Amino acid sequence: MATVSDTSNLNTEYEAVVVGAGPAGVTCVGNLLERKVAPILWVDHDFNGGRVNSKYREVPSNTKAALFIDFATAVAPFRKIVSGTPSRSRWEEPSGSDGVSTDDKPDKLQSLRQLDPQKGCELSYAADMIMMLTEGLKKTPGVTAVRGNVSDAQLFGLTEQWNVNVQGHKKSADPAEAFSATTERLILCTGSSPTDTPLPGNTKDIPHFDLDDALSPSKMSARLSGLGPTTISVIGASHSAILVLRNLYNLASSIKPDLKIRWLTRHELRYAEFMNGWILRDNTGLKGEVAVWAKEHLEPENFKKSDVSKYIDAITYEKGKDEATFEKHLPGSDFVVQAIGYQRNATPTLTTTDGKSITPYYNHKTGGFEYDSGSKTDRTKLPGMYGAGIAWPERVTDPHGNVEYAVGFFKFMKYIKRVSPEWN
Ligand SMILES: Cc1cc2nc3c(=O)[nH]c(=O)nc-3n(C[C@H](O)[C@H](O)[C@H](O)COP(=O)(O)OP(=O)(O)OC[C@H]3O[C@@H](n4cnc5c(N)ncnc54)[C@H](O)[C@@H]3O)c2cc1C
């Protein structure tokens, strides 16, 4: 793989530049190749599978294992990597094929295939699959993978092409030798990170415990087990918050009985529910083993009789009362974990070639962007720029009219399959 210290033999013109090599970047490169859009310049800080591999390997999935197999066999370039032959997938045969290789050789999805397809699994299985596809895509003709940081891009108004600048990444060992490329398609798959906001008044000096570390039982144990009596407050009631509570409870009830947990939540627990052919709260509700654990231990009717109440103190409060609640209940905590959502990572700085700043507004239906071009009062299409993944998801409306953002490997795949043929 090229690094930014080794860019002398790179092309400078590409059909597409894909920024990010998490599940969304992998999805986009696979779909572009399937549509014969090449050459592709693929840039990532470290090509390490995105956050699912670097942070969430120990997290239980909220989707069933079958969906990871469906993802890995959804496009011909993936199937070639998975099995060595471009076997058919359920996309071409909606009535049943599971994407198993058509030859007799076991494909590279054996560890996923050994799982119960209808149940969740540790995300390490999904992360290994993403790494396997990443390695395969990097070697696929038409793909140039470069480790670096896309810092900024300029739009040429006349040709509607982008000039994309790549720098060394601060975490990379490579010296920062910058280079540029031009392209008609700039595709952002830049991901999101946990929201960690400053806390008010008398609570602002309480150390924050990183949500990603709290989602990892091994990191949490390494950090907390050697300390004396510890109080840790957890804010939130989402999937991540419940996972953190469960990790903390497991630690307290095994090797750290002097751990006390304050759980601050402003709404009741919300679960995904199977309806007639669709799922209510598919993207926001608790699912899988996390939902089972929450029902069993955290629902008010079970909480008091559950062992968790020995360690967890539940504090409920109303929306809008955050500040007063935090000032009252957080003091005395050794750490605070905020499990209150995820926000987009910084995106490359965008300008026109004459130096005007471009603020992109995402279109959650087409995967494209709009901007204030200055020539009209309305926003206009931002030529050639697209986005996918947790930072740039599809907006979906369920049969009850609830609006959600579709985040998950297979959801990215379905969305990109639908919209990318229009990414001209
Ligand atoms: C706790 C948790 C559990 C989840 N569980 C599941 C699950 O069970 N099933 C499921 O399907 N989905 C799950 N998801 C949702 C989703 O699939 C993951 O969040 C997924 O990692 C998002 O992928 P992504 O590619 O959008 O972003 P990321 O994985 O964050 O990847 C973004 C990549 O872009 C790179 N990058 C960013 N900016 C630049 C730049 N300027 N230049 C170069 N590189 C750049 C980063 O280094 C990174 O590698 C979960 C999410 C979370 C948070």
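How do the residues of the shell around the ligand divide into nonpolar, polar and charged? Let's start there, keeping in mind that this is a predicted model, in which local features need pLDDT of at least 70, side-chain atom pairs count only at pLDDT 80 or more, and totals for chains, interfaces and linings use all residues. Residues are numbered from 1 along each chain as its sequence is written, and side-chain values use heavy atoms, with hydrogens and water left out.

**View 1. The shell around the ligand.** The shell divides into 17 nonpolar, 13 polar and 2 charged residues. Here Ala, Val, Leu, Ile, Met, Phe, Trp, Tyr, Cys and Pro count as nonpolar, Asp, Glu, Lys and Arg as charged, and the others, Gly among them, as polar. Of the 32 residues around the ligand (a heavy atom within 4 Å), those that come nearest are Asp-44, Asn-62, Thr-63, Ile-390 and Phe-409.

View 2. In the side chain of His-45, an N or O atom is 3.0 Å from an oxygen atom of the ligand. A ligand nitrogen atom is 3.1 Å from an N or O atom in the side chain of Asn-149. On its own the ligand has 990 Å² of accessible area (Shrake-Rupley method, 1.4 Å probe), and the protein covers 93% of that.

View 3. Helices are DSSP runs (H or I) of at least four residues, numbered from the N terminus. H2 gives the largest share of the shell around the ligand, 3 residues.

How values were computed. A polar contact is a pair of N or O atoms within 3.5 Å; within protein, one must be able to donate a hydrogen and the other to accept it, and residues adjacent in sequence count only if both atoms are side-chain atoms. Helices (H or I, at least four residues) and strands (E, at least two) are DSSP runs, numbered from the N terminus.
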